[in-house]
Amino acid sequence: MPGKLTVLEGVTIAEAITAKWEQIWNFQARDGDVLIDTYPKSGTTWMQEIVDLILHDGDEQICRRAPTFERMPFIELLHLMKPVTFSGHIGAYCSSVQGWKGPRERGIEVVNAMPSPRVLKSHLAVHLVPPSFWEHNCKVIYVARNAKDTATSYYHFDQTVQFHPDPVSWEDYLEQFMKGDVGWGSWYDHVKGFWEQKDKRNVLYIFFEDMKKTPQQVIRKVAKFLGKDLSEDLLNKIVKLSSFEHMRDNPMANNSGFPKEILDQSKIVFMRKGAVGDWKTMFTARQKEVFEDHYKRQMESSTLKFQDPK
Ligand code: A3P
């Protein structure tokens, strides 16, 4: 059964999340925790892989110790993560890599028991981030992706998300995206919200388009933010290990093991295209015109500027 959306403090969000809101809001971050926050489909998983590689000095084996969602838990979905049994190649892989303890309960208890510093993931808008992250001055890495590619990616992805309604058509979906009537709310409010806070708080703001164009520069910036100095060789190794092709073929980084009752990837896989400008395969000339006009009105008061792939 497809899930439903509701509204929480002005943000459209899954009922599956608001059902446990008190637990999520009271999440206890610790000194040294790193939070990767993004609007969905902005390169979260890619940044997670980069951060894990930086923190483990590019050790490929250690970064394959468990799937992304277990290495860097998703704080507002913890209660949905029931024990799963990895089967087939993922199961065989899990049992062969260092540190993997087999299927187990993945909930708040597991995250509380994780050693510091933890890397955590969220899609929550800036005003919905649990206050303990700010109280502990945790480092927050925010990744933003241009609106048209994000909408395109999200339309495909929402066909797999079981706790969101199923998109009816691209045309309707695009309108909902523009109104902010999709999971985790308005893209415009999300990207502007973090942009406005970035100099007041410990936030590193990164663009997906820069990750594509100059991965070396971005990875260096992220490493510096995390207090790590990378040699040229290590930097190049991390670029390679976090490339689309490498992650797509890595069962620990491609989300193929994500519990099926949350993400059903039978028709659309998570590592879809990873391209800049894929919106051109979806938008009609009329949709482009309407979208850009609406975009201008939403963004004109902000200093936040995106590279808009033409
Ligand atoms: P597409 O659907 O356009 O292919 P998130 O992790 O925030 O859900 O973002 C998923 C998007 O990032 C998907 O976009 C996915 O293919 C892309 N992605 C993941 N890893 C990537 C990588 N290493 N390089 C480029 N894009 C990547």
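Modeller: A contact here means heavy atoms within 4.5 Å. By that criterion, residues 24 or more positions apart account for 77% of the contacts in the protein chain with a separation of 6 or more. This is a predicted model, in which local features need pLDDT of at least 70 and side-chain atom pairs count only at pLDDT 80 or more, while totals for chains, interfaces and linings use all residues. Residues are numbered from 1 along each chain as its sequence is written, and side-chain values use heavy atoms, with hydrogens and water left out.

Biologist: How many helices and strands does the protein chain have?

Modeller: The protein chain has 16 helices and 6 strands; helices (H or I, at least four residues) and strands (E, at least two) are DSSP runs, numbered from the N terminus. Its radius of gyration is 19 Å, close to the 19 Å that the globule rule gives for 310 residues, so the chain is as compact as a globular protein of that length. That radius is taken over C-alpha atoms, and the rule is 2.2 Å times the number of residues to the power 0.38.

Biologist: What share of the 310 residues is buried?

Modeller: Buried residues make up 56% of them. Buried means under 20% relative accessible area, exposed over 50%, and partly exposed in between, with a 1.4 Å probe and protein chains only.

Biologist: Which residue caps the N-terminal end of α11?

Modeller: S186 does, through a side-chain oxygen that lies 3.2 Å from the backbone nitrogen of Y188. A polar contact is a pair of N or O atoms within 3.5 Å; within protein, one must be able to donate a hydrogen and the other to accept it, and residues adjacent in sequence count only if both atoms are side-chain atoms.

Biologist: And what does W195 touch, neighbours within four places in sequence aside?

Modeller: W195, which is in helix α11, is in contact with Y205, F207, S302, T303 and L304. The C-alpha atoms of W195 and S301 are separated by 12 Å, although these residues are 106 apart along the chain.

Biologist: Now the backbone. Which peptide bond is cis?

Modeller: The bond from S116 to P117 is cis, with omega near -5°. P117 is found in the loop between α7 (108-113) and β4 (119-122). For background, most peptide bonds are trans, and most residues other than glycine have a negative phi.

Biologist: What is the phi of N137, and what is that of W184?

Modeller: Phi of N137 is near 50°, and W184 has a positive phi of about 75°. N137 is in the loop between α8 (131-135) and β5 (139-144), whereas W184 lies in the loop between α10 (170-179) and α11.

Biologist: Are those two buried or exposed, respectively?

Modeller: N137 counts as exposed, at 51% relative accessibility. W184 is buried, with a relative accessible area of 4%.

Biologist: Last, where is N250 found?

Modeller: N250 is in the loop between α15 (244-248) and α16 (285-299), and it is buried, with a relative accessible area of 3%. Its side chain reaches the backbone nitrogen of M252 at 2.9 Å. Leaving aside neighbours within four places in sequence, N250 is in contact with E49 and R64.
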